[in-house]
Amino acid sequence: MSASPIDRFTRSLEDLDVAVTWTDPSGSAETIETIVEPPCVGTPLPFDDVSVPDVVDTEPTPRSLEAAQTTVTAASMGIGAYGSVVLPSRPDGSEQVSLFTDLHVPVVRESDIVDSMADAIDQLGPRLRDGESAIIATGPSATADMGALVRGAHGPKEVHVVILSTDTEGGQ
Amino acid sequence: MSDAREATADRIRHLLRTEGAAVEENTLGFNQGRYDSVADLEDYEKLKHRAREIKSDAIERLPELIDELTARVEANGGTVYLASDAADANRYIREVTREAEADRLVKSKSMTSEELEVNEALELDGVDVVETDLGEWVLQLADEAPSHIVAPAIHKSREEIARLFNELFDPDEPLETAEELTMFAREKLGEQIREADVGMTGANFITADSGTIMLVTSEGNARKTAVVPDTHVAVAGVEKIVPSVEDLSPFIELIGRSGTGQDITSYISLLTPPVDSPVVDVDEPDVAFADRDDDRAFHLVLIDNGRMAMREDDDLRETLYCIRCSACANSCANFQSVGGHAFGGETYSGGIATGWEAGVHGYDSAATFNDLCTGCSRCVNQCPVGIDIPWINTVVRDRLNRGGDPSRFEFLYEELVPDEEPSGIDLQKRLFGNYGTLAKLGSATAPLSNAIASLSPVRSAMERLVGIDSRRELPSFERETLRGWFASRGGCQVSLADADREVVLYADVYTNHVAVDRGKAAVRVLEALDVHVTIPSVPESGRAPLSQGMVSTADRRASEVFAALAEPIDAGRDVVVIEPSDLAMFDREYERLLPAPSYERLSANSYELFEYIYGLLENGADPDQLRSGSEAIAYHAHCQQRTLGLEVYTTAVLSELGYDVLESDVECCGMAGSFGYKRQYYELSMDVGDRLREQFEREPARDRRVVASGTSCVEQLSDLLSRESEHPVMVIDPAA
């Protein structure tokens, strides 16, 4: 018996030392607020009945991004085998704002978690052929170029994944 | 000639001293990381197979894919420029930066841009070019070249980087830790990126069906470089194109694992430019990203620079399958010691670099390091697209031999050596390539030949004229060859009537003339297992000339060997080979030297000695007459034997007979046939060997009896260790 994509996803994130928090649509704003480190920026979450807390500025500018500690953005997919999140490039800037702060909080729907890399790429194929772009992001930014592994080379030092349970039963 | 050897030796000695320690630590880490990471992958072999299929198909269809990609990128709103060579590419890129009125261009790491030397071209126009990969930035500040295609600054220690930063930037508090250095670089480079006018990236892959470029990074600098400025230039060799997005999947799974041993890098960017993300414009700091309406520019510069000609070249073509992962460098024993500053040409480094350099920069560049590939073949199974990297090195060596200068000692050799090579080939290569002929003379005149060869004036002349290092003990020829001994004892002691199997024991040059004892032991062991043995006269396998790049000579040997063995094989006899490098010829290289049915027949019926013994025991042969014991053994398998997966049988047989076996895990002993005898490579060979020495002098191997399958491994171990080593068959020899 093989593990479900969601089990694999959370196990992979554990191996990456990436924190995971479950929430549901009604509790999302409250949950996210406990995770973020202000000042926070982000982009609107394109999920039904889901909102970000008021502490997150969802209309970031270069200046507010520069000052921010945390970014909250939506991920379009999670990949079980690797603990990766897929960050689409959008006109609201969700892709690149996720790269500038020390903490990135990607929010992914439980139903968008796929099992394997091949599954993820199969879903991305039509989207990329439609002109879209996306980043498969796995854990924080890292480098070993300075003689030892350091987190936060050009991007976030820390990633905290929020999984949005999509059935009414709530999270695990 | 000997001056050139001294210069090579000096350069290698210098790099061993200055960069060797940092290179070794990093490459060994990557290499182990790869073994660990691919072990977790269920479908590793299937993924590699698929990756190779995709690349092979893409290179086959390259012209049509270039057209498809061009149409796609243009439909997306970008521009494609197909540059014939580096100068053409640089001319176009300079035009783009001029039109963008760029003062600064930021770059993410790209080996292709190194190939173009685009930084220097842009600096002519006064453009400030800034490398944003931390390792590349360190090298830009230090004005040095990459020593590794993936981790360019592995030759520099943290202490050296700290010294460099502290001298150049004079920070309030001197920088010391990796964390401090990284945060300092992040801050500095962040400013440079924010104020950049153009961002330049390479591309690990480009998909023809969508116009997507895939970038593999962990720092995040490629994302910033591509997206922060409004103009993005991507430079990529034409071979980076794959047909579709779906083709990326196996490469995403393989590239990080194969390279630095990471399951996946932090960021796999799949950018279909011009991207939808807004520009990060510091001149409009209060305009919300969502309110911008950017007009992004994207230029894809596809580089030919010799690649389309490589595509037409049957022997270099597979170089274009290379995904630049660095597995061949990290798994290479010589590379682990000296890194890319020795094992590399103008741009590329590691085993596959010979193909790249010959193809894009020319044979002179390949000639500077091609000899460092010893053909040990450890990279072959590590390459995620299955390129036969040693073969490419051999072919380039052969072509270099044919373009070499005639030597003034040529006349001596034309008489002496029966090879198929042009005059002009390096005398040292010719000597080692014709070792078999020398061995025959050596045995015929032993012990006189040994005595003469060991005289110091003779050794010093050998060192001067052909570069045989006088610090090496030369193999000593036996007066009585293995075949001579076998005939004088009346042939096989197991009669044909009593035998379970019939074997042709292949008397390779070393076993027949030098390491005769292991041949005698092999005969006795086979007899003890009720095998009828014959030792016919069979020519050399061609391994020696092949390792010197003498392909025509090796090709002729292959035909002669097949002619000599075809009849015994058809008569139902098995071919048993003691020397792993010769068996590897039959099993690997003969595929390229013989017609397919001949290759298959010989390969299918040839066995490594312990592989064969294992098979006999598995099929019910009685091991009682073999010498069993409980001795503790330290076993070093031969590199080419391990590539074929045959080392397991030695361990299995010894273990079954009660011995306690510990295997080495170094990639190669460093001797690699004749390599370690060469004056210019002696120090490197010993440095490689040092990893094996350390392992065998440490617990739990320290007091074990040492055995090794390859002749040259035994020679090397004898030079490395204070205790003797021998072929494992000596352990189980009933007469011992």
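The legends below describe close-up views of a predicted model.

Residues are numbered from 1 along each chain as its sequence is written, with chains lettered from A and ligands numbered from 1 in the order in which they are written.

View 1. Where pLDDT is low, the predicted coordinates should not be read in detail.

**View 2. An open sheet with strands from chains A and B.** The sheet has 8 strands in the order β8(A)-β5(A)-β6(A)-β9(A)-β9(B)-β6(B)-β5(B)-β8(B), and its pairing is mixed; strands (E, at least two residues) and helices (H or I, at least four) are DSSP runs numbered from the N terminus, and two strands pair if DSSP finds at least two bridges between them. The edge strands, each pairing on one side only, are β8 (113–114) of chain A and β8 (241–242) of chain B. Strand β5 (residues 77–79) of chain A pairs with β8(A) in the parallel sense over 2 bridges, and A:Ile79 has A:Val114 in β8(A) as its bridge partner.

**View 3. Helices lying across the strands.** Helix α5 (residues 117–129) of chain A lies across β5, β6, β8 and β9 of chain A together with β6 and β9 of chain B, at about 150° to β5(A). Helix α12 (residues 248–259) of chain B lies across β9 of chain A together with β5, β6, β8 and β9 of chain B, at about 165° to β5(B). Axes are lines fitted to C-alpha atoms, for helices over the stretch in contact, and angles run from 0 to 180 degrees between N-to-C directions.

**View 4. Two cis peptide bonds in loops.** The bond from A:Pro38 to A:Pro39 is cis, with omega near -5°, and A:Pro39 is placed in the loop between α2 (28–35) and β2 (40–42) of chain A. The bond from B:Ala446 to B:Pro447 is likewise cis, with omega near 5°, and B:Pro447 lies in the loop between α21 (435–444) and α22 (448–454) of chain B.

Definitions and conventions. Predicted model: local features only at pLDDT ≥ 70, side-chain atom pairs only at ≥ 80, totals over all residues. Heavy atoms only, no water. Contact = heavy atoms within 4.5 Å.
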